[in-house]
Amino acid sequence: MDKIVVEGGSRLVGKIPISGAKNAALPLLAAALLPTGTSTFKNVPLLQDVATMAKLLRKLGWDVEGTGTNALTIASPVSRKKLKLEAPYELVKTMRASVLVLGPLVARYGRARVSMPGGCAIGARPIDQHLKGLEAMGAKVTLEHGYVEVECKRLRGATIVLDMPTVTGCENLMMAAALAKGRTVIENAAREPEVEELALVLNKMGAKVQGGGTPIITIEGVDELSPIEHSIIPDRIEAGTFAVAAAMTRGDVLLEGARPEHMDAIVAKLRAAGVQVSAESGGLRVRGAGELKPIDIVTQPHPGFPTDMQAQFMVLACLAKGQSVLKEMIFENRFMHVPELGRMGADIQISGRAAVVRGGTKLTGASVMATDLRASASLVLAGLVAAGKTEVLRVYHLDRGYEAIEKKLRGCGAKIRRVKT
Ligand code: EPU
């Protein structure tokens with residue numbers, strides 16, 4: 001298994017190209033199940049999760065070409081005989097977002113069988129809202145042998161009020177509603193840029209989706225959709241992670257292609273910490289200047305502060321003199337980086353959903369590991385400023401969501417390398 005080795009102490013200066021967004025790419029690849037024909041996606045990030053989604057689409061009978069490059073083509077099966085409407089356990093257990101094929105398959109073929117995702121490292125993460133929505137649209141949902149089976153000859157439009165603005169739940173229901181009969185209204189919808197991107201792509205395919213990116217999404221079902229070509233939006237969480245790296249090392253980095261309008265909450269907290277952030281024509285420029293100030297953060301659905309940036313900002317808070325409080329309100333177990341950061345010298349106390357960081361303690365390099373993608377990223381960030389050598393183990397978590405993280409950081413002067421073991 002690979003590990004990442006970082007020697008702390010380098011200031012990051014230069015440019016980092018931001019890749020396509022993982023959490024936009026995954027639902028868009030699932031949306032390619034809706035039309036007949038070949039869809040093409042560009043700016044696809046080279047990530048393990050994208051490879052897993054490609055593998056799943058192939059298992060279902062679709063032809064996927066271009067894996068290992070940033071452009072993917074996805075072609076529908078030439079004959080119905082090739083279809084296999086099932087997402088098996090071995091793929092769902094490695095990537096929960098596999099559940100995104102449920103909505104499109106039921107909408108188009110009237111049936112799907114998907115291994116029920118269990119809890120994961122960051123929380124229980126049920127899919128009750130996905131299923132409740134499909135039931136409201138007329139589907140019969142049964143759970144047997146660890147698989148959820150959803151059946152409905154033709155879904156019909158319904159008004160669905162989500163208990164919470166679930167991102168993938170909303171995306172699943174949007175894709176299902178695109179081919180349903182009649183009008184679907186999703187209330188308390190997720191407003192993340194990735195949900196808005198899916199609405200845009202569905203409309204390119206010929207769907208009638210209104211209100212993507214707002215709390216109420218209205219979808220008029222159509223009878224069929226057409227394949228498209230689309231370039232995926234830049235990853236706001238990857239950009240945010242490198243922004244924190246620049247701030248922590250008192251560096252000066254241009255995040256090429258980053259879209260500031262997707263990053264308001266992140267930029268606001270960087271500025272509150274005393275970091276200089278400016279939108280420039282090529283992207284977002286981040287300069288760490290002077291002493292960092294403590295920050296208080298509460299994670300919330302978009303446009304609030306994203307849970308996917310909580311771990312990275314916690315490391316930033318470790319460098320500020322004074323006390324910061326970070327509250328995690330989305331996932332019940334997303335503090336796995338805390339004990340590992342503690343081993344590097346951070347002073348962090350957890351009390352319920354809050355982590356209290358007393359910044360300013362000396363961080364020293366250590367061998368560390370985490371079982372979650374963003375937690376792993378935070379350990380790499382800590383390594384950039386810790387005295388001596390940090391080894392981040394279990395790199396496969398990072399590879400799920402960061403394209404060539406070590407190369408991008410090295411390009412700006414970080415002493416970081418991947419070691420194959
Ligand atoms: N929830 C339910 N029932 C449901 C659905 C969600 O109780 O049916 C709860 C969850 O347990 C959680 C909250 O609602 O407490 C929000 O979860 P959500 O469904 O929005 O999360 P998700 O769709 O499973 C996506 C991202 C995550 C990101 C969250 C929150 C993708 C593929 N994944 O997950 O990304 O943290 O939204 O923004 O879009 C990551 O990239 O590292 C990552 C974990």
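**View 1. The shell around the ligand.** Among the 20 residues around the ligand, Gln-129, Thr-166, Thr-168, Asp-308 and Ile-330 come nearest; a residue is near the ligand if one of its heavy atoms lies within 4 Å of it. The model is predicted, and local features need pLDDT of at least 70, side-chain atom pairs count only at pLDDT 80 or more, and totals for chains, interfaces and linings use all residues. Residues are numbered from 1 along each chain as its sequence is written, and side-chain values use heavy atoms, with hydrogens and water left out. By class, the shell holds eight nonpolar, six polar and six charged residues; here Ala, Val, Leu, Ile, Met, Phe, Trp, Tyr, Cys and Pro count as nonpolar, Asp, Glu, Lys and Arg as charged, and the others, Gly among them, as polar.

View 2. At least two shell residues come from each of helix 1 (22–31), helix 5 (128–136), helix 6 (167–178) and helix 12 (373–385). Helix 5 gives the most, with three residues. Helices (H or I, at least four residues) and strands (E, at least two) are DSSP runs, numbered from the N terminus.

View 3. A polar side-chain atom of Thr-168 lies 2.6 Å from a ligand oxygen atom. For Arg-125, a polar side-chain atom is 2.9 Å from an oxygen atom of the ligand. The side chain of Arg-374 places an N or O atom 2.8 Å from an oxygen atom of the ligand. The ligand taken alone exposes 830 Å², of which the protein buries 87%; accessible areas come from the Shrake-Rupley method with a 1.4 Å probe, and for residues only the protein chains shown count as cover.

View 4. The buried residues of helix 9 (residues 264–272) are Ala-265, Ile-266, Val-267 and Leu-270. Buried means under 20% relative accessible area, exposed over 50%, and partly exposed in between (1.4 Å probe, protein chains only). Their cover includes helix 8 (236–248), strand 16 (276–280), strand 17 (283–287) and helix 10 (310–319), where contact means heavy atoms within 4.5 Å. Just after helix 9, Gly-274 adopts a positive phi of about 95°.

View 5. Asp-49 and Lys-22 form a salt bridge, with the closest N and O atoms 3.9 Å apart. Asp-49 lies in helix 2 (residues 48–60) and Lys-22 in helix 1, so the pair ties together parts that are 27 residues apart in sequence. Asp-49 counts as buried at 3% relative accessibility, and Lys-22 is buried at 9%. A salt bridge is a side-chain nitrogen of Lys or Arg within 4 Å of a carboxyl oxygen of Asp or Glu.

**View 6. Further salt bridges.** Over the whole structure, 23 salt bridges are found. Lys-42 and Glu-229 pair through their side chains at 2.7 Å, N to O. This pair links strand 3 (residues 38–42), which holds Lys-42, with strand 14 (residues 229–231), which holds Glu-229, 187 residues apart. Lys-42 is partly exposed, with a relative accessible area of 37%, and Glu-229 is partly exposed at 47%. The side chains of Glu-238 and Lys-408 form a salt bridge at 2.6 Å, N to O. Glu-238 belongs to helix 8 and Lys-408 to helix 14 (residues 405–410), 170 residues apart. Both Glu-238 and Lys-408 are buried.

Definitions and conventions: Polar contact = N/O pair within 3.5 Å; in protein donor to acceptor, adjacent residues only side chain to side chain.
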